[in-house]
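Here are a few notes to read alongside the structure. Keep the 3D view open and follow the points in order.

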Amino acid sequence: MKFNLAALRPLWTGLLVVAALAVTGAAIRPFEEPAWQAVRAQQPALKLDSLQSALGQGITAGLLGGFRAIVADFFWIKTNSVWEDSDLPATQTFIKLVTAIDPRPLYFWQNGSRMIAYDMPNWRIIAAGGYEKTPQAEQRRIDEEQSAVALKYLNEAFGHHPDSPLLYVEIANVYLNRLKDKASAAEAYRKAALLPNAPYYAGRIYPELLRKLGRHAEAYAWLKQLYPTLPKDIDTAKGITEFQVQSAMAPVVLERIRELEKELNIPQIEVFKP
Amino acid sequence: MSTVSTPTSPSSSAVGMRTVPFSPGRLGIVAGNTFLEAVRQKLFNFLLLLAVALVASAQLFREFNFGSSELKFISDFGFGAMVFFGSTLTIAATAQLFFSEIENRTALTILAKPIWRTEFIFGKFLGVFAVVGVFCALTTLLLLALLYNRETALMAADSEAFEHGRIIQYGDLVLLGVLQWLKFGVLAAITLLIASFSNTNLYTVVMGFFVLVICHLQYLARDAYAQVASLPLRLLVRLLGYVFPNFQVFNLADQIGIGAGIDTGVFLRVAGYALIYIAVIGGLAVYSFRNREI
Amino acid sequence: MTYPNPASAIEITGLTKDFSLNLRGIKLRAVENLTLAVPEGQVFGLLGPNGSGKSTTIKIILGLLEPTAGECKVFGVPSGRVDSRLNVGYLPEAPYFYRYLSGTELVRFYGRICGVPRKRLDERVREVIDWVGLSGAAHRRVGTYSKGMLQRIGLAQALVHDPRLIILDEPTAGVDPVGSAEISELILKLKTQGKTVLITSHLLAQIEDICDRVAILDRGKLILEGAVNELVGLSNRQALIVDSLPAAELEELRGWLSARGHALNAVEQPRTRLDQLFLSKVSRPQKGGEAK
């Protein structure tokens, strides 16, 4: 059979195009690789198996295609929608779905844990008949159950935000406000205060809780080492703003030191000198 | 025309017998005409719709009281809209602005002039690149304005969240807009390459979207390469990883809303990556178009 | 750099063009072994029915297609080279122009592409638009033009860079007799300027009056080529137009011719042409173009 070589021209052109692109791709790979690794570093691993059944193929493709942030945002809006309806199972599902899709924003973990620890007990108690009809023991049990779920959720967040003081603050608040466990709350506030960029109030609430637990000496020692680290005046050269000075509340800390010196009967010559 | 007057005829040497070197000027003329066609064919009208959608969605987010995280939602949806609409515009505009020349046969008229096919096709590409550039610039500016305005309001309401100053790095936001533009440039070059051998506008658009999806998922082939046991399949997977550009490398915008910026070195590498691909794929489009019988 | 000044504007030698249909070797032969020369300064008609290979030949001259065999040169430059089109103006068959541009913008665009110097461009654009009689409509978009106006703006863009060779592909197809006559006038004016004009058409009667030479193609082959007068004139006959003769005087004339060995072959009433009658009766449109 005779072949018409001219008609094969599109085939040769196609092969040349593929070959040229392959050579370009291979040659440019070393140049691209550092940038690609930087992008990968920003993208935590996606656990697709757990997600695909919940999401379906279309959205899974969107996740794979690099649209995690926007897909997560969309589902967070959905979370808010079912939260407004006090739909506990749906809210719980969407909270976990959102952080499975995109665990990077701390905002999802913080607000998700708050919904679990603060709003869901309320819904459950209302569903059980309301605060007046539900026995205190039952209310306590619901609080403890939901708090345990919230704490487990927050501990999971440390896998993606190992140095976040705000996660420890959330944990501390759950212990303090829901479980009334001052000792565990104090420990969480201490861990928060030791991390970089910790909110100033963490460093103040910890010694307050120690005082309530009767551990005055520990509180006094902590405040003495805290006070020198606090900003007292605005310093533009060092980047200390008015807001930071006000947040640090150095005068209040000094006041607490003086109160503890009286409670601990510290001799005058040994009092803290700022 | 009974009273027509004969035009004065400059001597032949005014145009003369001379060679015709490749001319960036002619390339610019074709590019300018392509851009003008896009404007007059009202391709930019949908930008208005997009702008309205962006402003409306920014308003919607206020209803949820997200606090400072509202900025993340605005920037994620803003860049998402830019990617979605920008990709659609790039593929559709490239196919339309190229095939209008073929289908209306204006390509015949222009290629019968002393113009290189290379100048013609690169000129078409540059025209589309300019169209997409205007789209990216306007969308980035709108997003910048929305974020700046909202951040200012949120700073007044919640000082603690903005203790260290503004969260959004606006300079990096502009750089991210530039990277999206360059990515669309690669996509336009790919679409032009497909158009150079395709017979219809529809086929070009469909194949363009198909290749877009592959380029977004190309990284899976790279990751999967090591896990594939069969040698022919491994080679095929490796080839796929090399042939298609990696569009995920442009995916740097999803942390801008929570204060992350972009490293200068990474920006320059990604920009260089895009420019190299534009040059190579554009060159292949020229080669493919040179032998096309119009 | 100087080029030799050839006597032919276009030289085609052994031109063949095949279009491949599929891998099995089936080809469509559009032009077969065509050899042709278009003398400079003449109006040359390339005639033939649809599918005769005229458009393919034109595309090869313009460098839009590559020949399968043979060669084609324009003023001595191979037609595949970009510089062969420096001195060529082309009016396409249908109005293949950008509809979103105004007449002025269109001509200006092509003027810039063809390298008309910027200093002269505006003046030159005005000149050619005025010359084709579209000054009044030059500001309107080409998409609003009638067929006749499109042909005129097409001529303007073909002439803006003052080419030596103008190729008109079916210039009178779909144009009314008035428009056809105007185009014929324009072509003759171009000839007086020393331009070479190549016209393709399958409407033989319309261009008979303006072409110096014609070539007739059929199924890709050259059937006939030569000067129009030589091809259509009946060399061994004469026509005398006289006043009406009474029957007796007509017989006397017949006898006189017979005595000298000649025959009176026909006695007919002379006819004007229908298009000439039409033109004499129909009023021409004003300058600025008719509405669509």
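1. Which strands of chain C does helix α1 lie across? This is a predicted model. Helix α1, residues 54–61 of chain C, lies across β3, β7, β8 and β9 of that chain. The helix runs at about 150° to β7(C).

2. Now the sheet itself. Six strands of chain C form an open sheet, in the order β6-β7-β8-β3-β9-β10. The pairing is mixed. In general, strands of a sheet pair through backbone hydrogen bonds, either parallel or antiparallel.

3. Look at the edges. In chain C, β6 (88–91) and β10 (221–227) each have a single partner strand, so one side of each has no neighbour in the sheet. Neighbouring strands of this sheet are turned by 15° against each other on average, direction ignored.

4. Take one pair. Strands β3 (residues 43–47) and β8 (residues 196–201) of chain C pair in the parallel sense, over five bridges. C:G45 has C:I199 in β8(C) as its bridge partner. Helix α5 (residues 177–192) of chain C packs on the sheet and touches β3, β7 and β8 of chain C. The direction of α5 makes about 150° with that of β8(C).

5. Is C:V88 buried or exposed? This residue lies in strand β6 of chain C. C:V88 is buried, because 27 other C-beta atoms lie within 10 Å, and the cut-off for buried is 20 or more.

6. What does C:V88 touch, not counting residues up to four places away in sequence? The contacts are C:L62, C:V74, C:P163, C:L165 and C:I167. C:P163 is 75 residues from C:V88 along the chain, yet their C-alpha atoms are separated by 5.1 Å.

How values were computed:
Residues are numbered from 1 along each chain as its sequence is written. Chains are lettered from A and ligands numbered from 1 in the order in which they are written. This is a predicted model: local features need pLDDT of at least 70, side-chain atom pairs count only at pLDDT 80 or more; totals for chains, interfaces and linings use all residues. Two strands pair if DSSP finds at least two bridges between them. Helices (H or I, at least four residues) and strands (E, at least two) are DSSP runs, numbered from the N terminus. Axes are lines fitted to C-alpha atoms, for helices over the stretch in contact, and angles run from 0 to 180 degrees between N-to-C directions. Two residues are in contact if their C-beta atoms, placed from the backbone, lie within 7 Å. A residue is buried if 20 or more other C-beta atoms lie within 10 Å of its own, exposed if 12 or fewer, and partly exposed in between; C-beta atoms are placed from the backbone.
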